[in-house]
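This is a short report on a structure for a reader who has not seen it before.

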Amino acid sequence: MSAATGTADRSRPARVYAKVRGRLRILHVIAAAEFKLKYSGSALGYAWSLIKPLALFTMLYLVFGRIFKLGAISHYYALSLLMGICLVTFFNDATFLGMYSLVARESLLRKLSFPRLIVPTSATLTAAITFGVNLIAIAAFVAWKHVMPQWNWLLLAPLLFELYVFVLSIALILSALFVRFRDIGQIWELMVQLLFYACPIVYPIGYLPPWARKVCFLYPFTQILQDVRSIVLYPDLKPNRLTVADAFGTSAARLIPIAIVLLLALGALALFRREEPYFAERV
Amino acid sequence: MAGAIEARALTKTFRLPHEQRTTIKEHFLHPFRQIDYDRNEALRDVSFHIDEGEFFSVVGPNGSGKSTLLKILAGIYRTDSGEVRVEGKLSPFIELGVGFNTELTARDNVRINATLLGLSKRELEERYDEIVAFAELERFMDQKLKNFSSGMQVRLAYAIAIQVDFDILLLDEVLAVGDGEFQEKCMATFEEIRAAGKTIVFVSHDLAAVSHFSDRVLYIESGRPVALGSADEVVERYREAHGLALTPF
């Protein structure tokens, strides 16, 4: 295909560096525009990214924490629930924005040639910015509950990175499929509901029978959520902060969800690369 | 040699289902029903070579494959068979624009599109005023693009397309929407670009402009090449084939 040779006079590493820099700049500009678009025309603007998860949290806390009395089992139930909601809100936001991103940028795709990967990636980054804001809310709750920060909280960084890779992979798959089948939008709405209750977000994972815990941990989101809880809420009761290693009785089991994320990422990239040349004519 | 294009035996077919089946339910309801596809051969066996610094035009009636051809050159569509080699950087102006988002302000759109076309942050800062001045839209840059007329959008898009670094400029119907003043301005830039030794690939129904500027013209009809040669010769042939008067006015 068309190959730009305008930079042929430069050395190879310099060329690769310039190319990567150029793409990162495109990513930055598009993500910033998407973030602006997301709240354009709304009076409360960015505040919604904080209000929405907090409102959801309040509802679920009243229903499950108070009426169903799950709040009585642990001093940390509310905080545990809030963490689950913030993580799942990021997951939902990023996958939905990612799914619609290619079709929403239709006019750009039909007129300019550029790496299509940038489009769903920038959509997930927009969701990541919102998620960053939500983390502030969690930090406030953590301080309020007098949980002291520990050195091992640094482990949260690789966990959040794993979450991002997982979310981006799903966004890539959904965006590529959505160009072909518009039903994916409806299906994903239902899937997200199903996954919300299949994961130990409103209930502690200790409520599940041991075999169900194992099944649950095959879904990488559960592993990430439980690891985050076990790291941050270390004073909580053990059944509330079981990890994949506890469920399988061996720390080697930690590799299972990570391997699943890696395979998913590779599959997502392969699918996206295969579909990429035809986005312009199908959107 | 920056600015040259080599196209060999380009073929592109779009499969257009009679009854578009894009929902999975339709696939489930009629899993075995063979969908009738209209095979729309947008391009068939089109070959040509464009030299560095050449003004090369493509003419043909609506739906003859001109825009498809340009999109293949721009790397937006992939050919089914054949090969295209583009030497140098390309700046596309396709289907009346560079892909604006009408919900964003003109300023944001300039930033996005110029970046996608390869301008660095500093280059954009340096050239922003020139883009706006050329488009003559100084007063409107903080308005959302959906409030712009199509002529205003085309002016902005063209201003961006010529301000990025390119060896080849792809122009699809740039003269179709703007007013007379803008058309004259465009044509003045054609002269400048040509004087700078850059290549222009031009698709237009304005045969007078095609004759005036082009070094060579490709005439395509139903996706097939009919004639390729000097401007006067090929435009004359196209006029005869379609009974077009020498001057449309």
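The model is predicted: local features need pLDDT of at least 70, side-chain atom pairs count only at pLDDT 80 or more, and totals for chains, interfaces and linings use all residues. Residues are numbered from 1 along each chain as its sequence is written, while chains are lettered from A and ligands numbered from 1 in the order in which they are written.

Chain A has 12 helices and 0 strands; helices (H or I, at least four residues) and strands (E, at least two) are DSSP runs, numbered from the N terminus. The C-alpha trace of chain A spans about 65 × 50 × 35 Å along its principal axes.

Chain B has 8 helices and 9 strands. The table gives the buried share of each chain, where a buried residue has 20 or more other C-beta atoms, placed from the backbone, within 10 Å of its own.

| Chain | Residues | Buried |
|---|---|---|
| Chain A | 283 residues | 35% |
| Chain B | 249 residues | 41% |

In chain A, helix H3 (residues 77-104) packs with helix H5 (residues 118-144) at an angle of about 165 degrees, their axes 8 Å apart. Axes are lines fitted to C-alpha atoms, for helices over the stretch in contact, and angles run from 0 to 180 degrees between N-to-C directions. H3(A) and H5(A) are therefore roughly antiparallel (an angle over 145 degrees).

Note on methods:
Buried ≥ 20, exposed ≤ 12 C-beta atoms within 10 Å, placed from the backbone. Parallel < 35°, antiparallel > 145°, perpendicular 65-115°, else oblique.
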